[in-house]
Amino acid sequence: MYVGALEFDVLLGDVHSLKQKRSYLRPVIAELKRYGVAAAETGEQDLHRRGLIGVAAVSSDVAHVNEVLDECERAVARRPELDLLAARRRIYGPED
């Protein structure tokens, strides 16, 4: 079994409240879940212009985990309402 974890550090544009931030992040997280992953806002929850989105995928094939995480990264990168500052990826396998 392989577990892939991906964390996105994003900067939101013209956002002035936490409520507005959630309204920007909620559709992004919903889109990510369509790829068959678990996704959630995982950090920077008290800042209105920054966000951390965590994604996790599980598969018996490491290539499939990487493919799914690549698709998720492309989906976040093409969102015009946010800037992707960093994407941190970790893969855990049977030898870990």
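Visitor: Which residue forms a salt bridge with glutamate 7?
Guide: This is a predicted model, where local features need pLDDT of at least 70, side-chain atom pairs count only at pLDDT 80 or more, and totals for chains, interfaces and linings use all residues. Residues are numbered from 1 along each chain as its sequence is written, and side-chain values use heavy atoms, with hydrogens and water left out. A salt bridge here is a side-chain nitrogen of Lys or Arg within 4 Å of a carboxyl oxygen of Asp or Glu. With its closest N and O atoms 3.1 Å apart, the partner of glutamate 7 is arginine 88.

Visitor: How many residues apart are glutamate 7 and arginine 88?
Guide: Strands are DSSP runs (E, at least two residues), numbered from the N terminus. Glutamate 7 sits in strand β1 (residues 2–12) and arginine 88 in strand β4 (residues 82–92), so the pair links distant parts of the chain, and the separation is 81 residues.

Visitor: Is aspartate 9 buried or exposed?
Guide: Aspartate 9 pairs with arginine 50 in a salt bridge, with the closest N and O atoms 2.7 Å apart. Buried means under 20% relative accessible area, exposed over 50%, and partly exposed in between (1.4 Å probe, protein chains only). Arginine 50 is partly exposed at 28%. Because aspartate 9 has 10% relative accessibility, it counts as buried.

Visitor: Which residues do salt bridges that share partners join into one network?
Guide: One of the contacts is between the side chains of arginine 79 and glutamate 81, at 2.9 Å from N to O. Salt bridges that share partners join these two with others, and the network is Glu31, Arg78, Arg79 and Glu81.

Key. Helix = DSSP H or I, 4+ residues; strand = E, 2+ residues; numbered from the N terminus.
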